Protein chains: 2
Amino acid sequence: MPQWRQGLTKSLHHTRSMPESRYFQLATVDDKGLPFCRTVVYRGLTEDNQLIIISDTRSEKFKQLQDNGHAHVCWYFAKSREQYRFGCKATLVTWDNDSELLAFHWRKLSDAGKKQFLWGEPGTPRNDGSALHVEGSFEKVPPHFCVILLTIETVDYLSLRGNPQYREWHQKDAMGNWISQSVIP
Amino acid sequence: MPQWRQGLTKSLHHTRSMPESRYFQLATVDDKGLPFCRTVVYRGLTEDNQLIIISDTRSEKFKQLQDNGHAHVCWYFAKSREQYRFGCKATLVTWDNDSELLAFHWRKLSDAGKKQFLWGEPGTPRNDGSALHVEGSFEKVPPHFCVILLTIETVDYLSLRGNPQYREWHQKDAMGNWISQSVIP
């Protein structure tokens, strides 16, 4: 297990009762070269260092990652005053690619979570005051439900606890082994 | 005052004792078109809707914003379960542009805050184990200290409290007046 991942495991354990252990910020670039950033729910980390999130193929972020698969994750743990910044490559998983994985993550969602995929196209105008109407069944995986795997390629770690602060850069060498270097914060 | 700003004022008041009221995430794009994201400290909001942050002209984000002034801010308030996403244009203020503004923000920094500008070039290798050496005086504004003003041009607001969630899009019309539209979350 790379050193940064041992650190992340500790950070997650230390903040497990805090909201910040459940989400992070994901930055992408659109087809005009503009940056976008939003909070997304953390759904796990695979053995080969892929962060798992779920998404909607009709969403802004899915379209942006289709055009440009580079993503950057910023995960700040307020309680431990630590920040992990992950340089990532995104893999978009839709029903056609891996229906089993999608069914697995769909089943794990609460009803409230499933509803978000069933009340219309995200970002389109809503008639003010009207209730959102859920269409479709909670049992069936909607065709626009998808999973995004973010393969971590670089790690920029910062701890604000000490004086001075501590910052460490992690990347893979030519052999694919993780190497790290302490850098000036 | 635009409607979204009244909302932000309320959110800040409601979460004033929480760490999330003091920082947000800032996304930028580098000269290769890759996204970057990091947590930055909120230093205020001007009357004409510019978020104020401080930075270092030797930092990654300053160089990225010099090349591409488009920035995106993501501010998530865990306590009130609200997210503001601001599409912004950055204005970089250095000593040559406005020494008075820089001196003002430098004076407001704590000694620990000032130290971060005096222990070497951010992101460069640090000799492991060695203490960081502060060079320069706390009294004198260092030449690489700068202020970044982020002019808010669009607002994508999301409230996760209700069921269903509530999302609202804000932008300026051709006359420069803020208009808003409820959208599907």
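Biologist: In which sense do β1(A) and β4(A) pair, and over how many bridges?

Modeller: β1(A) and β4(A) run antiparallel and share three bridges, where two strands pair if DSSP finds at least two bridges between them, and where strands are DSSP runs of E with at least two residues and helices are runs of H or I with at least four, both numbered from the N terminus. Within this pair, A:A27 stands opposite A:H72 of β4(A). This is a predicted model, in which local features need pLDDT of at least 70 and side-chain atom pairs count only at pLDDT 80 or more, while totals for chains, interfaces and linings use all residues. Residues are numbered from 1 along each chain as its sequence is written, and chains are lettered from A and ligands numbered from 1 in the order in which they are written.

Biologist: How many bridges join β4(A) to β5(A), and which residue takes a positive phi in their hairpin?

Modeller: β4(A) is joined to β5(A) by eight bridges in the antiparallel sense, and one bridge partner pair is A:Y76 with A:Q83 of β5(A). Four residues lie between the two strands of this hairpin, and A:R81 takes the positive phi there, near 55°, although A:R81 is a residue other than glycine. A:R81 is partly exposed, having 14 other C-beta atoms within 10 Å, on a scale where 20 or more such atoms within 10 Å make a residue buried, 12 or fewer make it exposed, anything in between makes it partly exposed, and the C-beta atoms are placed from the backbone. By that count β4(A) is mostly covered, with seven of its eight residues buried.

Biologist: Where is B:N49 found, and is it buried or exposed?

Modeller: B:N49 is found in the loop between β2 and β3 (50-56) of chain B, and it has a positive phi of about 60° without being a glycine. With 20 C-beta neighbours inside 10 Å, B:N49 counts as buried. A:E139, by contrast, is exposed, with 8 other C-beta atoms within 10 Å, and lies in the loop between α4 and β6 (145-159) of chain A. The C-alpha atoms of A:E139 and A:L149, ten residues apart along the chain, are separated by 24 Å.

Biologist: What joins strand β1 of chain B to strand β2 of chain B?

Modeller: In chain B, seven bridges join β1 (residues 23-29) to β2 (residues 35-41), and these strands run antiparallel; one such bridge sets B:T28 against B:F36 of β2(B). Their hairpin has five residues between the strands, and B:G33 takes a positive phi there, near 85°.

Biologist: Which residues touch the most other members of the largest nonpolar core?

Modeller: The general idea is that in soluble globular proteins nonpolar side chains tend to be buried together. Here a nonpolar core is a set of buried Ala, Val, Leu, Ile, Met, Phe, Trp, Tyr and Cys residues joined through C-beta atoms within 7 Å, and in the largest one, of 64 residues, A:V73 and B:V73 touch the most other members. Leaving aside residues up to four places away in sequence, the residues that B:V73 touches include B:F24, B:L26, B:L51, B:F86 and B:L150, a contact being two C-beta atoms, placed from the backbone, within 7 Å.

Biologist: What is the mean pLDDT of chain A, and where is confidence lowest?

Modeller: As a rule, where pLDDT is low, the predicted coordinates should not be read in detail. The mean pLDDT of chain A is 96, and 98% of its residues reach 70 or more, pLDDT being the predictor's confidence in each residue from 0 to 100. Within chain A, confidence is lowest in α4(A), at a mean of 94, and highest in β1(A), at 99, while the model scores ipTM 0.97 and pTM 0.97.
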